Amino acid sequence: MQILSVTPEIYPLIKTGGLADVTGALPLALGASGVKVRTLIPGYSTVLARMETDEPVLHYAALQGGPATVRVAQMAGLELLVLDAPHLFDRVGGPYGDTSGDDWPDNWRRFGALSQVGAEIAGGAIKGYLPDIVHAHDWQSALTPAYMRYGRAPDTPSVMTVHNLAFQGQFGAGIFGSLGLPGEAMSIDGVEYYGGVGYLKAGLQSAWAITTVSPTYAQEIRTPEFGMGLEGLLNLRAADLHGIVNGIDTSVWDPAADPLLPGTYSAKTLKARAVNKRAVEKRFALDDGEGPILCIVSRLTWQKGIDVVVSALDDIVATGARLAILGAGDAGLEAALLAGAAQHRGRVGVVIGYDEALSHMMQGGCDAILVPSRFEPCGLTQLYGLRYGCVPVLARTGGLADTVVDANEAALAAGVATGFLFSPVTTGALMQGIHRAIAAYSRPAIWANLQKQCMKADVSWSRSANRYVDLYKSLLARKNG
Ligand code: ADP
Ligand code: GLC
């Protein structure tokens, strides 16, 4: 089976969040089941600078305002198709915006082009390559199923995966004429959304199947509270909507062999985590001490509940725990956290920025990871926490609720507990979660068992990769039946 994956991000080439981890790891896991994945990605300048590409396999004299080619490349076990279109992707800044964080004004054009090319490859544009199924990720590639449906490859099954419904790619109606879609597509059951063009909406409407990254989030997004306006459409398509929980790449994230850790360890050598804890203390200018270090590795946004952490800082410090935070995002939250660190010197340490290596050290050295998200399609940092014995303390929502077993008395006694869940996302409930975690930490035998239980949890891709394979098979059966 041949899958064409279309995505704006892929680890280890270009990452702003969990999407990249997933699109980078899933192809490898599917490969083990005999499914061959090729991934179409934008040729951002940073991407092209990091690898060698072969001769072009596809040429466009004009693609959304300039010449473009598609080039084949391999990296880290991934088979890539790179859309080299300098007028769209050769820019200084991030994948979606400039260095000051403002979105590129032509994102509709950039990701419309990516989607169009994906659909044309599905339709046989590259000689000798015809994917059986196309798998699109998030709004940036969500026009792919629409282009396919409206002529480019109507008989090829497509899957639209929603990693985060909060980002929808909503643009004015004026762009429609430049997309090269037939007029009939500008309709309520096509790409039209509230009078404009909705990229994610178009994908949800057009794809043969829809998936999201946990079973609980798949249910939540059918309600007004979490549906971000798309709950009606998602309910109409409920029969084609699946929740498949993310896994992680357990070779990149392996405490026993992680080159980014000052000291490696396993569930049998938990004491060896101490050297990592010392390194965290140093990096975050925390006092040395015996008490727990809680950590956060996150985009600093409202979704992630970081404002609640800001309001809880004094209370967290009052427990005697120390707190290490790595993140970047909203300027106001960054400033509030830095102010909190200045006020609680030695107890709260904050590093603003994106630092993959430091995130590994924190999982390997801190005692617990806090994820107080208001909504969370899946969440990966708690999975890394499980793998590293950095016990998760989480909001009971979305994929967080699906991946951790709350350490209530019964679960502890049965030896199945893997973390602490709280709800709602308020200072009070967060503090209850933290207090429960600290109480467990003060009983070393219980804590060690909890850590071991975490490290035993299956966070690999194997089960979920099989669910994708089953879904792909069912779509091929639908096509042929
Ligand atoms: P989201 O994709 O919504 O941001 P996830 O939990 O799914 O949330 O994935 C976040 C990914 O980004 C994880 O791999 C996490 O370790 C990483 N990450 C987030 N912020 C940072 C940061 N400041 N530095 C390094 N890695 C980060
Ligand atoms: C999104 C979600 C996150 C999920 C990730 C990968 O960024 O916010 O919950 O883990 O995608 O699917």
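Select Asn246 together with ligand 2, and you will find an oxygen atom of the ligand 2.8 Å from an N or O atom in the side chain of Asn246, a polar contact in the sense of a pair of N or O atoms within 3.5 Å (within protein, one must be able to donate a hydrogen and the other to accept it, and residues adjacent in sequence count only if both atoms are side-chain atoms). This is a predicted model, in which local features need pLDDT of at least 70 and side-chain atom pairs count only at pLDDT 80 or more, whereas totals for chains, interfaces and linings use all residues. Residues are numbered from 1 along each chain as its sequence is written, chains are lettered from A and ligands numbered from 1 in the order in which they are written, and side-chain values use heavy atoms, with hydrogens and water left out.

Now widen the selection to the 14 residues around ligand 2, of which His163, Asn246, Glu376, Cys378 and Gly379 come nearest; a residue counts as near if one of its heavy atoms lies within 4 Å. Helix H1 (residues 18–32) gives this shell its largest share, three residues. Colour by domain, and the shell is seen to draw residues from both domain 1 (2–247 + 462–480) and domain 2 (270–456), so ligand 2 lies between them.

Move on to ligand 1, which 20 residues surround, with Gly18, Asp21, Arg299, Gly353 and Leu380 the closest. Show Asp21, where a polar side-chain atom lies 2.6 Å from an oxygen atom of ligand 1, and then Gly353, whose polar backbone atom is 2.8 Å from a nitrogen atom of the ligand. At Leu380, a backbone N or O atom lies 2.8 Å from an oxygen atom of ligand 1. Taken alone, ligand 1 exposes 560 Å², and the protein buries 92% of that.

To finish, select strand E13 (293–300), which gives the most to the shell around ligand 1, with three residues. Domain 1 and domain 2 both give residues to this shell, so ligand 1 lies between them.

Technical notes. Helix = DSSP H or I, 4+ residues; strand = E, 2+ residues; numbered from the N terminus. Domains from an automatic or database assignment. Areas by Shrake-Rupley, 256 points an atom, 1.4 Å probe, with all protein chains shown as cover.
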